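Subject: Structure handover and notes

Dear colleague,

Here is the structure I said I would pass on to you. Please look through it alongside the notes that come after it.

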Amino acid sequence: MNGPPPVAARGLVKRYGRIVAVNEVDLTVQPGDVFGYLGPNGAGKTTSLRMMLGLIRPTGGSVELFGRDPVKEGVRKALEGVAGFVEAPRFYPYLSGRKNLRLLADYDRPSSRSRIDEMLELVELRDRAGDKVGGYSHGMRQRLGIAASLLRQPRLLLLDEPTTGLDPAGMRDMRALVRRLAREGITVLLSSHLLGEVEELCNRVAIIRTGKIVYEGTLRDLLATAQTEYRLRATETERALMICSSQLGAEKVRVEGPELRFQADEQAAAAISISLGQNRIGITAFVPETASLEELFLGLTGGESGDKSAPREEVA
Amino acid sequence: MTAVYRWEVAKLLAQKRTYLGLVAAMLVPLIFVVVLQFQSGGPNDVPLGRYIRDTGLAVPFVALFFMSFWAFPLITSLVAGDVVASESHNGTLKTILTRSRERGQVFTGKVLAAFTYTVTVVVAMATVGLVAGGIAWGFNPLTSLSGTTVSAGHGLALLAASIAVYFLPLAGIASFALMLSTITRNSAASVVGALMWALFMQLLTVLPGVDSIRPYLLATQFEAWHGFLRVPADWDPVIRALWVCALYVGVPLAVAYVVFVRRDVTED
C-alpha cells in the first residue's frame, strides 16, 4: 500500500507527574483495517486516542496520522481526512442536533453543510434533528457523534468505546454501521473493552495493559497462539488413551470422566483420528476447544478489569 | 475565523445568561427614569446629573457613571467568565478542537464574541436610556461638563465616542474573566473572581496614598469619557485609557491564550 499508514505511533509516552498513563506505545494501523484497541478500563486507550487527535501533547515519542503529526503540524493539517471522538461525544445541549452539526460543518468547511441531512438520515436522527441535544438520550448522542464524524468524509475514523451505554439494539445498530463504513473503505480504529465487539468487527488488534502494548497483530494470529485442547470420546477409552499418548504432537493426555483430553495441533489430531479408525476404535465425539479471545485477553492483561490497572506509578 | 466568531455569537444568543445581562443593562436606565419621574431630587453630584431633567440625552451618561461600579463589571463577567469554562462544563472543547480550526482561531473567536457582547450591553443600555429619557424630558441640547451647551446631534456623537472609550476598561474586565475562565474551567469561580477583581480595582482608587498610581488604575479609566464632555475636549484621559487598558487587556489575554493553546484537553 502506498503512502504513510493511517496511524503510526512510535514510542508514545504520556506522563502526569510520576504517573505513566501511556508507556512507549508502538502502533500501526494499516489502510482498510478495522483495528481493535483493547484493554481494561484505565489501561491508556483513551489517553492514546486523545494524543492521536491532538487533544493532549505526548510527553515523549510521536504519533502520525497519514504521516502528519498533530502536535508539529497542527490539527488543521494533521486531522485532514480524520474524524472521531473520545469517550462519549459531547455537543452543545442548548442547540438542536442539526445546529450542532451546522456548527461543526462550518468549523470544517461550509460545503460539509450539504451533507447534514444525509448524515442525519444515516444515523436515523432526522426526525429529532430540530430538538435540543440536551433532551437526547445517550444513544442518540452517540449516533449524532457518528454523524458529526462522517460529515468530515474521513478516511480514518477513531472511535472510543462507541457502544458503551447503548442498549442491545443500539449496540447492534452501531456495530452494523461500523461494518458498513469499513466496507466503504474507511479505516477504523476502535477502542473497546468489549471482547465480543472486537472479535465481531476487527481484523487486527492491539492489546494495551497498564499503558504498554502487550500484543499487536491479527486476531487470527492471536487465536493461533493458543494451543487447542481436544475432547475425545471413544468406544474403548483405555486403548484410545494409549494411541493418543503415543502420538507425536499430542500433550497433556489425560482421562477426565468418560472422555479423554489432550492438547494437540491440527496435524496431530488428524493422525489420532486415523489411528483410532485403523485400530477399529469408534469415535463418538471429537471436539476441539480453542481458547477464547477472552481467555487470551485475560492472560495478556493479567486478568485485570475495571480500574485496577488505572494510573500507575513510574518504576524508575 | 468569521465562522468561528459567528458561531460563538450564536452560542451566546442561545443561552439564557446572555439575556439576563442584556435585560438587566436595559432595565437600569428605564428604572432610573421612572424613579426620577416620581421624585423631585436628582443625582446632582454625578457628571451631568444636575441636567438630567433638561434632556433625555443626559440619561445614558449618568447611567454610564452609575453602572461602572458593579453592574457592567458583573454583566461583562457573567458572559466572559463563562465563554471558555462552559465548553469545559459541557465537554465540547474536544468536539470543536478536533475539527479544522486551530486553537488560536477558536480562542480569538471567543474573545471577539465576549467583546461584542460587552459593546452590545452598553449600547443597549444607552439606547434604552435615550428613548426613555427622551420620552420623559425631551431630546434637547446637552450641557457639557464645561457648562457650554451642545446641540442634541453633537451630544449623540459625544455619547457614541464616550461608549467607545468606556468599552476599554470593560474589555479589561472581560479579558480578566476570560483568563480565569480558561485557567479555572469553572464558570462560577471566573464570574465571581472577575467581579471581585473589578471591585478591588474600584476600592484601590479611594484608598489614601495611591495618588501617583490612580491615573493608571483600571477603575479610573471608566471616567475617561469625561474628556469628551469638556469644551474643548480633553484628550489626555482618553489617550491614557487607550494604552493603560491595552495592558489590562493584553496581559490576561496573553496568559489565557498560552494556557488555551497549550493545555491538555482531558476531561473536557
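The notes below go through chain A and then turn to chain B.

Please keep in mind throughout that this is a predicted model, and that the values I quote were computed from it.

**Chain A overall**

Chain A has 316 residues, of which 50% count as buried, and its secondary structure comes to 11 helices and 14 strands. Taken along the principal axes, the C-alpha atoms of chain A fill a box of roughly 75 × 50 × 40 Å. The accessible surface of chain A comes to about 14,300 Å², and carbon and sulfur atoms account for 48% of that area. If one takes the contacts in chain A between residues at least 6 apart in sequence, 68% of them join residues at least 24 apart.

**The six-stranded sheet of chain A**

One open sheet in chain A has six strands in the order E5-E6-E7-E3-E8-E9, and its pairing is mixed. Strand E5 (82–85) and strand E9 (212–218) of chain A stand at the edges with a single partner strand each, so that one side of each is left without a neighbour in the sheet. From one strand to the next, the twist in this sheet averages 15°.

At the E9 end, strand E8 (residues 204–209) of chain A is joined to E9(A) by six bridges, and the two strands run antiparallel; within this pair, A:Arg204 has A:Thr218 in E9(A) as its bridge partner.

Helix H5 (residues 138–150) of chain A lies across E5 and strand E6 (156–160) of chain A, and runs at about 165° to E5(A). Helix H11 (residues 293–300) of chain A lies across strand E3 (34–38), E8 and E9 of chain A, and in this case the angle to E8(A) is about 35°.

**The four-stranded sheet of chain A**

Another open sheet in chain A is formed by four strands in the order E11-E12-E10-E13, with antiparallel pairing. Its edge strands are E11 and strand E13 (283–289) of chain A, each of which pairs on one side only, and the twist averages 15° from one strand to the next. Helix H10 (residues 266–278) of chain A packs on this sheet, where it touches E10, E12 and E13 of chain A, and its direction makes about 175° with that of E13(A).

Strand E12 (residues 259–263) of chain A deserves a separate look: five of its five residues are buried, so the strand is largely enclosed by the rest of the structure. In a regular strand, side chains alternate between the two faces of the sheet. In E12(A), A:Glu259, A:Arg261 and A:Gln263 point one way while A:Leu260 and A:Phe262 point the other way, and all of these residues are buried.

On one side, E12(A) pairs with strand E10 (residues 229–234) of chain A in the antiparallel sense over four bridges. In this pairing, A:Tyr230 has A:Phe262 as its bridge partner in E12(A), and A:Arg231 stands opposite A:Arg261. Strand E11 (residues 251–256) of chain A is likewise joined to E12(A) by four bridges and runs antiparallel to it, with A:Glu259 as the bridge partner of A:Glu256. The hairpin of E11(A) and E12(A) has two residues between the strands, and there A:Gly257 takes a positive phi near 65°.

**Chain B**

In chain B, a nonpolar patch on the surface is formed by B:Leu13, B:Tyr19, B:Val23, B:Leu27, B:Leu30, B:Ile31, B:Val34, B:Val35 and B:Phe38, which together have about 840 Å² of accessible area. Helix H2 (residues 16–37) of chain B gives the most to this patch, with seven residues. B:Phe38 is found in the loop between H2 and helix H3 (58–67) of chain B, and because its relative accessible area is 72%, where over 50% is the cut-off, B:Phe38 counts as exposed.

B:Leu204, in helix H9 (residues 187–206) of chain B, is by contrast buried, with a relative accessible area of 16%. Leaving aside neighbours within four places in sequence, B:Leu204 is in contact with B:Val210 and B:Leu217. B:Leu217 is 13 residues away along the chain, and the C-alpha atoms of B:Leu204 and B:Leu217 are separated by 7.8 Å.

With best wishes

Methods
Residues are numbered from 1 along each chain as its sequence is written. Chains are lettered from A and ligands numbered from 1 in the order in which they are written. This is a predicted model: local features need pLDDT of at least 70, side-chain atom pairs count only at pLDDT 80 or more; totals for chains, interfaces and linings use all residues. Side-chain values use heavy atoms; hydrogens and water are left out. Patches are made of residues with over 30% relative accessible area and no salt bridge: like charges are joined within 9 Å, nonpolar side chains (Val, Leu, Ile, Met, Phe, Trp, Tyr) within 5 Å. Accessible areas come from the Shrake-Rupley method with a 1.4 Å probe; for residues, only the protein chains shown count as cover. A salt bridge is a side-chain nitrogen of Lys or Arg within 4 Å of a carboxyl oxygen of Asp or Glu. Buried means under 20% relative accessible area, exposed over 50%, partly exposed in between (1.4 Å probe, protein chains only). Two strands pair if DSSP finds at least two bridges between them. Axes are lines fitted to C-alpha atoms, for helices over the stretch in contact, and angles run from 0 to 180 degrees between N-to-C directions. Contact means heavy atoms within 4.5 Å.
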